[in-house]
Amino acid sequence: MVRTGSASATAGPTLAVVAREAGVSVPTASKVVNGRDDVAPDTRRRVTEALDRLGYVRRPRFDTVRTPRLVDLVVPALDGPRSGAVLHGVEEAAQDTGLDVVVSADAPRPGAARAQCGWLDRLTARGSVGVLLNLAEPTPSQYARLDQLRIPYVLLDPAVEPPPGVVSVGAANWQGGVTATEHLLSLGHERIAVIAGPRRTLCAGARIAGYRSALASAGLRLRPEYLRHGRADEAGARIRMRELLDLPEPPTAVFACSDRMALGVYQALAERDLTVPHDVSVVGFDDLPEARWASPSLTTVRQPLAEMAATALRLLVRMADGHRPEGTRTELSTRLVERSSTAPPGS
């Protein structure tokens with residue numbers, strides 16, 4: 001995968017040289033470089049191989065002396081506190097590097113297929129220096145087109161393991177799981193359950209691993225019935241919390257692997273006329289604004305979304321300037337924010 005070409009580079013072969021090498025016309029080579037779909041697969045392969053052999057570097061379609069340099073940020077949705085925190089971090093870092101940010105949403109309408117990379121067509125036409133992908137799981141076609149077009153990109157908090165060599169920035173999820181569980185243990189809880197998102201997601205696996213490690217360090221065995229996976233939202237967590245409350249020996253504390261899931265736990269407890277933290281202590285993960293607004297306010301593990309986004313942008317700029325990061329994964333530390341949703345058992 002090639003992601004290190006500089007958008008401002010002037011050296012290297014021209015498109016005409018690439019076209020001659022591949023045995024096609026310049027307009028056809030241009031279609032391949034710009035990600036157009038109206039090219040036969042064999043022709044696309046020949047042009048792509050010629051691009052790789054000759055080391056062609058995509059050039060922006062504007063005069064960088066007169067036009068601000070642009071970077072694209074692709075998010076699943078434009079509303080919501082998570083996207084707002086990411087955008088805030090990107091904007092601040094972009095100002096420091098003299099970049100302007102273009103934001104696109106990439107989420108299917110209900111009942112519709114996922115959009116076919118409309119944002120990718122637009123950023124190619126703009127000549128963006130690179131793209132930050134704050135998508136849970138970019139599609140194989142999106143990866144392929146970005147690599148084919150030699151557009152530098154960085155993943156922000158990917159939900160699943162990215163392909164080899166792809167650069168990403170995330171939070172220290174394992175340590176966050178340890179911190180949340182150790183906090184509950186320090187209050188005297190031993191019957192601690194965890195509610196996490198789908199099994200295949202990176203953050204769920206890492207946070208549960210931290211939970212397991214903290215229990216083991218405290219000399220407690222993992223109770224399989226206390227480990228629950230489900231949808232990573234309020235409704236999914238509400239279902240799983242109901243299941244935990246129906247156990248012969250329900251937990252006295254719950255580590256919910258996101259703030260949204262923690263709010264679902266609150267709802268399930270309210271349905272049974274149970275209170276937080278008198279009956280059950282709850283810890284979340286994220287530190288979204290909802291954590292402060294909840295009643296009682298939610299103890300949670302803060303992951304620094306704005307700082308993660310700013311770090312991702314700075315990495316992207318270096319990649320666009322031809323510098324390859326030393327590693328493919330950068331993790332920023334998390335920390336516990338204590339509020340009112342945790343207390344000793346039966347307090």
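## Buried and exposed

A residue counts as buried when its relative accessible area is under 20%, and as partly exposed between that value and 50%. The model described here is predicted. Asp72 has 0% relative accessibility, so this residue counts as buried.

## Salt bridges across the chain

The structure contains 22 salt bridges. Asp72 pairs with Arg126, with N and O 2.4 Å apart. Asp72 sits in strand S1 and Arg126 in helix H5 (residues 118-126), so the partners are distant in the chain, 54 residues apart. Arg126 is partly exposed, at 21%.

Strand S1 (residues 69-75) also holds Arg69, which reaches Asp321 in the loop between helix H12 (305-320) and strand S11 (329-332). Arg69 is partly exposed at 25%, and Asp321 is partly exposed at 38%.

Glu243 and Arg228 form another salt bridge, 2.9 Å from N to O. Glu243 belongs to helix H9 (residues 234-245), and Arg228 to strand S7 (residues 227-229). Glu243 is partly exposed, at 29%. Arg228 is buried, at 18%.

## A salt-bridge network

Asp42, Arg45, Arg46 and Glu49 are joined in a network of salt bridges.

## Packing of H1 on H3

Helix H1 (residues 15-22) packs with helix H3 (residues 41-54) at about 125 degrees, and their axes lie 9 Å apart. The two helices are therefore oblique to each other. Their crossing is right-handed.

From H1, Val17, Val18, Glu21 and Ala22 make contact; from H3, Arg46, Val47, Ala50, Leu51, Arg53 and Leu54 do. This contact has seven nonpolar, three charged and no polar residues.

Key
Residues numbered from 1 in each chain as written. Predicted model: local features only at pLDDT ≥ 70, side-chain atom pairs only at ≥ 80, totals over all residues. Heavy atoms only, no water. Axes fitted to C-alpha atoms, helices over the stretch in contact; angles between N-to-C directions. Helix = DSSP H or I, 4+ residues; strand = E, 2+ residues; numbered from the N terminus. Parallel < 35°, antiparallel > 145°, perpendicular 65-115°, else oblique. Left-handed = near helix turned anticlockwise from the far one by under 90°. Contact = heavy atoms within 4.5 Å. Nonpolar A, V, L, I, M, F, W, Y, C, P; charged D, E, K, R; others polar. Salt bridge = Lys/Arg side-chain N within 4 Å of Asp/Glu carboxyl O. Buried < 20%, exposed > 50% of the residue type's maximum accessible area, 1.4 Å probe, protein only.
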